[in-house]
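Subject: Structure handover

Hi,

Here is the structure for your files. Please open it alongside the notes below.

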Amino acid sequence: MRDLHTRLQHLFPLGELTEQRPNLGFVTVPAAYLRPTLLHLRDLEGYTHLVLLTAVDWLEEDLFQLTYLLSNRAAGRDIGLRVKFPRQAASMESIHDLWPTAATYQRELREMFGIDFPGSPRLHEEFILEGWNDIPPYRRDFDTLKYARANFSDRPGRETRDPEQHMKQQLYPDGA
Amino acid sequence: MEQELKPELQKRMVKGPDGVEFEVEPLRDYYCEALPTVQHGAYFKIVEDFFNWARAQSLWILGFGTGCGAIEMRPLMTPRFDAYRYGIQWRPTPRQANLLVISGYLSVKTLKRAIRAYEQMQSPKYVVGLGSCTINGGMYWDSYNTIKRLDDYMPVDLYIVGCMPRPEALLAGFEDLKKLIRAGKAEGANQYAEKFDWYKSNQKRVIHDWDMPDYNW
Ligand code: SF4
């Protein structure tokens, strides 16, 4: 992975390499350099397969992170590109012209995180949810419990136990 | 909340194969507008009891799986547990089934399909809820898109506890359901007709894009 990272660093202002495994690494890319880096990896380095495109909500830092995981099937190596950008009016360049499958990921991210990808096909069609009327549910400031309480009624009598305390009681009733 | 209808549900002009143009209003033309009615037993008790005995021997499950519990239906309907020996069979369409097994959590999206399937089944019909998820939300109790109490949305005759219930539990549950039917206590379809407005208002409270007739008969 190091060699690839060094080669890339000559071309693009990349961040540090995080090596998860000898054949899997992650690296941060500034949003403006995402497309050239992806193109370079796809066309010149053999990373032809977009494995996944997913998001992380860094609420405390007020950032969204997108991870583009690419795979080089021949070499058996994967690289993940991380891009961070502001949560407010979140928008990212669409890459559906590089990998058509990206359009599906982008549709999902638009629905679940509210990230806009201008120009991506069918972006604003409903993907999984139907008739959703709240903020996108995968955003961390969306309170699922509160939403569930407001929308779905409870059946009285349901008990919740703290697993740790409960198992202690079960296994060591005399407090040993 | 009024939703704009999907294009295929909107009123429109259609040209038939013979060249004649006519107007189609899918929600009115494709469905019967009559609401369900309560059907009381029409005969002496002894005859009704005989009917109920016959109904109990004739359970046809709609092959509709939701949630994890649907996995347990495969061993149940194949030689390992072989539910057929108890007179229980699966059918592919609601029109031919009288038992709807909700086999686990129901997302709001699936609930919509489940309601349609339930309404399309012919009375007398029965609903069995499988697993904690249908009873009180189970492990999805704080989920943003799964309902917590199935009986808010359709009449449930029997719940089978477990997460997930094993095929043996289902078999025992079906035997219990038969007892309920024989005793004339499985009156879900009538309950649905009686409290139709209540069920509808619960359903519409969670299904925000209601784009079907009130009763999908
Ligand atoms: S009760 Fe358990 S097994 Fe059944 S749907 Fe819920 S989580 Fe899955």
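The notes below cover the ligand shell and then two residues.

This is a predicted model: local features need pLDDT of at least 70, side-chain atom pairs count only at pLDDT 80 or more, and totals for chains, interfaces and linings use all residues. Residues are numbered from 1 along each chain as its sequence is written, chains are lettered from A and ligands numbered from 1 in the order written, and side-chain values use heavy atoms, with hydrogens and water left out.

**Ligand shell**
The residues around the ligand (a heavy atom within 4 Å of it) include B:Cys68, B:Tyr105, B:Cys133, B:Met139, B:Tyr140 and B:Met164. Seven of the shell residues are nonpolar, four are polar and none is charged. Here Ala, Val, Leu, Ile, Met, Phe, Trp, Tyr, Cys and Pro count as nonpolar, Asp, Glu, Lys and Arg as charged, and the others, Gly among them, as polar.

**B:Ser143**
B:Ser143 sits in the chain B loop between α5 (132-136) and β7 (158-160). Helices are DSSP runs of H or I, at least four residues; strands are runs of E, at least two; both are numbered from the N terminus. B:Ser143 is buried, because its relative accessibility is 11% (buried is under 20% relative accessible area, with a 1.4 Å probe and protein chains only).

**B:Gly188**
B:Gly188 belongs to helix α7 of chain B, residues 188-194. Its relative accessible area is 1%, so B:Gly188 is buried. B:Tyr126 is 62 residues away in sequence, yet the C-alpha atoms are 6.2 Å apart.

Best wishes

Methods:
Buried means under 20% relative accessible area, exposed over 50%, partly exposed in between (1.4 Å probe, protein chains only).
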